[in-house]
Amino acid sequence: MISIQKKILMLTTFVLFIMASIWIALTYYNYKTQHHYNEILQRYLNMNEVTRVSQEMITHLNNYMLLPSDENLKLLDFSKEKIQQAKYEVFPLRNEENQFALTNYINLVDSLVETTDRLILFNNGNDPESVTQEFSEANRISNYIAEMKLTLLDTELSTYDRFYRSIIEQSEELIKLGVWLILLITIALLIITYWLSLSITRPIQKLTEAANELSHGRFDMKIHVDANDEISFLAKTFDRMRININNLILEMKQKAQLEHELQQNKLLLQESQFRSLQSQINPHFLFNTLNTLSKKAYLEGSEETSDLLVSVAGLLRYNLKQIDRSVTLLEEVEVLKQYMDIQKARFSDRLIFHTEINEACLHVRIPALTLQPIIENAVIHAVEPSEEGGTILLKIEDGANWVNVHIVDDGMGMSQSKMEQILNEQQIQSESHSTGIGFSNVVKRLRLFYGYHDVISIKSIEKNGTTVTIKINKGVIEHDEAPNRR
């Protein structure tokens, strides 16, 4: 699966790679061109340096003739060193076109140095006429050097004229290439962006159409999205939700039909009451649960929503299939866990649910939907009113003759009058957001099922929690047939 984030990263990487490639190519081309320009300029500077130093040497030579001091002599020697250094820097400039002129240029530099040495020698021998003659010769050589420099520069300009023209042509070609590259890259990016947007928007559009169909009650329409990213996973989860809701609707229709048949057959009043209690789910509870799942889907993604929806489906399916039947404690605990998963999604960290279960007791049979209403009562009265939430403990103990099921909460407790109402099987107005199966009905069903009165007890201290205990006599389960059990 290629995620949407990975697709965007791939597009961004492609754009950055193209931009970096163009930038590197242009930088390299500019570097080469600048390097050639620097080489040509350095050639001109090296040739000009010889002329400048030669003229400087004539100036120092004249100063020495006028005042043959040690300081002027040092300046003259320094000029000789500089012109020698400049001469060595001219050597690498030799090529086929300027070889003859450059050789003469270097020879003139040597001649100027020799003439300067002779002038110093004649000046030390007090021969003014020879000194004047040598100075004139040195000045004449310096002028030749300047003229030869112009000749060399003219040769250089002729030589590199083709290079200049080549650079201009390359620049023009580079501009054309750049324009074409920009056009091609722009077209490629438009195509890729259009394809990427379609791969995201088209599945979303299909999913929106499917959601619209579901909102009109068409649960038989299969949801299929051609994609390989998160939207495909969302569509599959959405389709599973559609299937589960459709199954729930069908099962609820079957349940309604079964109720109708049971009423037509005029079964016993207590049995019909039990079936009605077992087969009805308060619409407010279903609405609140589905609303919780919707919020979870928005906040946390589709996987957890799918799990919660499966829990709701399992809870409803259990409610429909277990009419007037007994189940094992194992089955009752499993459906209870599904119910608590839904409540945890609703209350988040406010609800803490612990279990301490002796698995050796899980084969014991109990009326279906016995534990859930008790736990639900604890959630509504112990957890929901408190901002900090609360803790609920389910504990199943194995004794010598009894199996004890304890449901403990740390809520505000239960008044004595309410405990008496429940244990006396008096109907109490149920909460609008409960499943509709009352605590008093649970007490009635347990007593009918096991055949003894003290099967359930309630201990509660106001503001200090409540403990509900169900005592199951192993002897009754193993040897006696409970009245309503089939």
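This briefing describes the strand pairing, helix packing and selected loop residues of one protein. The model is predicted. The protein contains 13 helices and seven strands. Of its 486 residues, 41% are buried. Among contacts between residues at least 6 apart in sequence, 73% join residues at least 24 apart.

**Strand pairing**

- Strand β2 (residues 351-357) pairs with strand β4 (residues 390-398) in the parallel sense, over seven bridges. In this pairing, L351 stands opposite G390 of β4.
- Strand β4 also pairs with β5, here in the antiparallel sense and over seven bridges. Within that pair, L393 is found opposite V408 of β5.
- Strand β5 (residues 402-409) is joined in turn to strand β7 (residues 466-473) by eight bridges, and the two strands run antiparallel. Residue W402 faces N473 of β7.
- Strand β7 is also paired with strand β6 (residues 456-460), in the antiparallel sense and over five bridges. The bridge partner of S460 is T466 in β7.
- The hairpin of β6 and β7 has five residues between the strands, and K463 in this hairpin adopts a positive phi near 70°.

**Packing of α9 and α10**

- Helix α9 (residues 329-347) packs with helix α10 (residues 371-383) at an angle of about 25°, and their axes are 9 Å apart. Because angles under 35 degrees count as roughly parallel, α9 is roughly parallel to α10.
- The crossing of α9 past α10 is right-handed.
- On the α9 side, the contact is made by L329, E332, V333, L336, Y339, M340, Q343 and F347. On the α10 side, the contributing residues are L371, Q372, I375, E376, V379 and V383.
- By class, this contact of α9 with α10 comprises ten nonpolar, two polar and two charged residues.

**Packing of α11 and α12**

- Helix α11 (residues 416-423) and helix α12 (residues 439-450) pack at an angle of about 45°, with 8 Å between their axes. The two helices, α11 and α12, are therefore oblique to each other.
- Residues Q421, I422 and L423 of α11 meet F439, S440, V443 and R447 of α12 in this contact.
- The residues of the contact of α11 with α12 divide into four nonpolar, two polar and one charged.

**Loop residues with positive phi**

- L369 is a residue other than glycine with a positive phi, near 60°. The location of L369 is the loop between β3 (365-367) and α10. Because buried means under 20% relative accessible area, L369 counts as buried at 3% relative accessibility.
- E425 likewise is not a glycine, and its phi is positive at about 65°. This residue, E425, lies in the loop between α11 and α12. With a relative accessibility of 26%, E425 counts as partly exposed.

How values were computed:
Residues are numbered from 1 along each chain as its sequence is written. This is a predicted model: local features need pLDDT of at least 70, side-chain atom pairs count only at pLDDT 80 or more; totals for chains, interfaces and linings use all residues. Side-chain values use heavy atoms; hydrogens and water are left out. Two strands pair if DSSP finds at least two bridges between them. Helices (H or I, at least four residues) and strands (E, at least two) are DSSP runs, numbered from the N terminus. Axes are lines fitted to C-alpha atoms, for helices over the stretch in contact, and angles run from 0 to 180 degrees between N-to-C directions. Angles under 35 degrees count as roughly parallel, over 145 as roughly antiparallel, 65 to 115 as roughly perpendicular and the rest as oblique. A crossing is left-handed if the near helix is turned anticlockwise from the far one by less than a right angle, and right-handed if clockwise. Contact means heavy atoms within 4.5 Å. Ala, Val, Leu, Ile, Met, Phe, Trp, Tyr, Cys and Pro count as nonpolar, Asp, Glu, Lys and Arg as charged, and the others, Gly among them, as polar. Buried means under 20% relative accessible area, exposed over 50%, partly exposed in between (1.4 Å probe, protein chains only).
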